[in-house]
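Biologist: Could you take me through this structure? I would like to begin with how contacts are counted.

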Amino acid sequence: MAGAPGLLRRGLTNIGRTALSCYVFQNLAAVALCYGWGLGLAARFDGLRPWWVIAAWAGVCALFMTLFTLWLRRFERGPLELVWQWAYMAPKSHLWTNDKVMDNSIKR
C-alpha cells in the first residue's frame, strides 16, 4: 500500500504485532462483559440481540487497537509475546551460562 499509514491501518498493524495478546485479552474482556460474574450484559441485553453484540465487539476492538498502539510505543512486543519470548529464551540462556561456567573451570 502506498502512502503514509492512516489511523486504522496503524491500529490493525499493531493488532497484528500483538496477535496472541490481543486474542487472549479480547476473549477475557468479552467473558467479563457477558457472563454473570462480570457485568452480565448477555442477560441484560438479551432482547437487543444481535445488535448489542456487534456494538460491544466494535467497542472492544477499538479499545484494544488503542491500548496496543500505546503499548507498542514503549515495548517491542505485546505482553504475552514477551512472556513467550522469555520462556523460549530462558532455557537457552541457562545452558549458555552453564557452558560458560564449565569452560572457565576447565581453563583454570
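Modeller: Two residues are in contact when heavy atoms of theirs lie within 4.5 Å. Please keep in mind that this is a predicted model.

Biologist: Understood. Which residues does Asn14 touch, leaving out those up to four places away in sequence?

Modeller: Asn14 touches Phe68, Thr69 and Leu72. Asn14 itself lies in helix α1.

Biologist: Is Asn14 buried or exposed?

Modeller: Asn14 is buried, because its relative accessible area is 10% and buried means under 20%.

Biologist: How do α1 and α4 sit relative to each other?

Modeller: The axes of helix α1, residues 7-17, and helix α4, residues 51-74, come within 9 Å and cross at roughly 75 degrees. The two helices are therefore roughly perpendicular to each other, since angles from 65 to 115 degrees fall in that class.

Biologist: Which residues meet there?

Modeller: From α1, the residues are Leu8, Gly11, Leu12, Asn14, Ile15 and Arg17. They meet Phe64, Met65, Phe68, Thr69 and Leu72 in α4. By class, this contact has seven nonpolar, three polar and one charged residues.

Biologist: Let us step back to the whole chain. How many helices and strands does it have?

Modeller: The protein chain has five helices and zero strands. From the N terminus on, its elements run α-α-α-α-α.

Biologist: What percentage of the residues count as buried?

Modeller: Of the 108 residues of the protein chain, 16% count as buried. As for contacts between residues at least 6 apart in sequence, 60% of them join residues at least 24 apart.

Biologist: Now to pockets. How much space lies in the largest pocket?

Modeller: About 240 Å³ of space lies in the largest pocket. Its lining consists of Tyr23, Gln26, Asn27, Ala30, Leu33, Cys34, Ala42, Trp52, Val53, Ala56, Trp57 and Val60. The elements giving two or more residues to that lining are α2, residues 19-34, and α4.

Biologist: Which element gives the largest share of the lining?

Modeller: The largest share, six residues, comes from α2. By class, the lining residues divide into ten nonpolar, two polar and no charged.

Biologist: Ala56 is in that lining. Where does Ala56 lie, and what does its accessibility make it count as?

Modeller: Ala56 lies in helix α4. Its relative accessibility is 24%, so Ala56 counts as partly exposed; that class lies between 20% and 50%.

Biologist: What separates the C-alpha atoms of Ala56 and Ala30?

Modeller: Those C-alpha atoms are separated by 8.3 Å, with the two residues 26 apart along the chain. Ala30 also lines the largest pocket.

Biologist: One last topic, the backbone. Which residues does a cis peptide bond join?

Modeller: A cis peptide bond joins Arg49 and Pro50, with omega about 0 degrees.

Biologist: Where is the place of Pro50?

Modeller: Pro50 is in the loop between α3, residues 41-44, and α4.

Key
Residues numbered from 1 in each chain as written. Predicted model: local features only at pLDDT ≥ 70, side-chain atom pairs only at ≥ 80, totals over all residues. Heavy atoms only, no water. Axes fitted to C-alpha atoms, helices over the stretch in contact; angles between N-to-C directions. Helix = DSSP H or I, 4+ residues; strand = E, 2+ residues; numbered from the N terminus. Parallel < 35°, antiparallel > 145°, perpendicular 65-115°, else oblique. Nonpolar A, V, L, I, M, F, W, Y, C, P; charged D, E, K, R; others polar. 1 Å grid on protein atoms, 1.4 Å probe; cavity = no way out; pocket = protein on both sides within 12 Å on 5 of 7 lines; lining within 4 Å. Points joined across faces, edges and corners; volume = space filled by probe spheres on them. Buried < 20%, exposed > 50% of the residue type's maximum accessible area, 1.4 Å probe, protein only.
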